[in-house]
Amino acid sequence: MLVADKNRDVRTCVVLAIVCAVAQLALAPNVGLGNGRANFALVFSSCVALLMGGRRGVVAGFVAGLFFDLSTTGPVGLMAFCLTVSSYVLGLEGRDRMSGDLGASVALFSASALAVSLVYHLAMLLVGQADSVVDVLFLRTLPTAALSVVFFLPFAYYFSRVRSSGSGLGSSRAARGGHFSKKGL
């Protein structure tokens, strides 16, 4: 018997939002590589886009980007725009893309993290908050993308391995074929 848990996505999204918000405010400013800092708003929006896809991913990207913009000194709306676009692109093919496929999830996130970091830091150069193109590319973009990927790995592992295995309420028996499988008859 399969049990439909309609509130599972909502619970997952709320817990993920709280964890990423606390990490963005407490951990990201204190852990850096060069001038780069991990972007937990990107981690949150990408997880939602890869798990739930569609509108939820885009809304999560916008809200997470706005939270990021309001908690930093950058221009308001820039990260909201970047995360909205990246969440749209990541959520194009539908929902639950992380289930059971760790490598593909990390590859998609890595490309997204590099693109978002590059666009954001190039805009920082245009508004005068970065010194040069070398600073933007090698001291901000690459370290930010690398740290974001490193901090995305536990989330990707959880959602691809642990969460995809189900809650145990009939999922293991249904996957094996149940009581009346052809082997038992």
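Helix α5 comprises 25 residues, and the distance from its first C-alpha to its last is 36 Å, close to the 36 Å expected at 1.5 Å a residue. The model is a predicted one, and the values discussed here are computed from it. The buried residues of α5 are S105, V106, F109, S112, A113, V116, S117, Y120, H121, A123 and M124. An α-helix has 3.6 residues a turn, so residues three or four places apart point the same way. The buried residues of α5 pack against α2, α3, α4 and α6. After α5 comes G128, which has a positive phi near 90°.

The overall arrangement gives these contacts their setting. The protein contains seven helices and two strands, and along the sequence these follow the pattern α-β-β-α-α-α-α-α-α. Of the 185 residues in the protein, 38% are buried. Among contacts with a separation of 6 or more, 70% join residues 24 or more positions apart.

Helix α2 is next. The 13 residues of α2 (residues 40-52) should span 18 Å at 1.5 Å a residue, and the end C-alpha atoms are 18 Å apart, which agrees. Is α2 mostly covered, or mostly uncovered? It is mostly covered, with 13 of its 13 residues buried. Both ends of α2 have features that can be located in the model. Just after α2, G53 adopts a positive phi of about 60°.

N39 lies in the loop between β2 (36-37) and α2. Its relative accessibility is 5%, and N39 therefore counts as buried, the cut-off being under 20%. When neighbours within four places in sequence are left aside, N39 is in contact with Q24, F68, M79 and S148.

In soluble globular proteins, nonpolar side chains tend to be buried together. In this model the largest nonpolar core has 39 residues, and L16 and F152 are those with the most contacts inside it. At least two residues of this core come from each of α1 (8-26), α2, α3 (54-71), α4 (78-90), α5 (102-126) and α6 (133-162). Which helix gives the most to this core? It is α2, with eleven residues. The surroundings of L16 can be listed directly: not counting residues up to four places away in sequence, L16 touches F44, C47, V48, F155 and F159.

V22 is found in helix α1, and at 51% relative accessibility it counts as exposed. V22 and F40 are separated by 18 residues in sequence, and their C-alpha atoms are 9.1 Å apart in space.

Two packed helices are described by the angle between their axes and the distance between the axes. For α2 and α3 the angle is about 175°, and the axes are 8 Å apart. That angle makes α2 roughly antiparallel to α3, a description applied to angles over 145 degrees. On the α2 side the contact is made by A41, F44, S45, V48, A49 and M52, and on the α3 side by G54, R56, G57, A60, G61, A64 and F68.

G61 is in α3 and is buried, with a relative accessible area of 0%. Not counting residues up to four places away in sequence, G61 touches S45, A80, L83, T84 and S87. G61 and V43 are 18 residues apart in sequence, with a C-alpha to C-alpha distance of 9.7 Å. F62 is also placed in α3, but at 43% relative accessibility it counts as partly exposed. With residues up to four places away in sequence again excluded, F62 touches A80 and T84. F62 and S45 are 17 residues apart in sequence and 8.2 Å apart in space, C-alpha to C-alpha.

Methods. Residues are numbered from 1 along each chain as its sequence is written. This is a predicted model: local features need pLDDT of at least 70, side-chain atom pairs count only at pLDDT 80 or more; totals for chains, interfaces and linings use all residues. Side-chain values use heavy atoms; hydrogens and water are left out. Helices (H or I, at least four residues) and strands (E, at least two) are DSSP runs, numbered from the N terminus. The expected span of a helix is 1.5 Å times one less than its number of residues. Buried means under 20% relative accessible area, exposed over 50%, partly exposed in between (1.4 Å probe, protein chains only). A nonpolar core is a set of buried Ala, Val, Leu, Ile, Met, Phe, Trp, Tyr and Cys residues joined through side-chain atoms within 4.5 Å. Contact means heavy atoms within 4.5 Å. Axes are lines fitted to C-alpha atoms, for helices over the stretch in contact, and angles run from 0 to 180 degrees between N-to-C directions. Angles under 35 degrees count as roughly parallel, over 145 as roughly antiparallel, 65 to 115 as roughly perpendicular and the rest as oblique.
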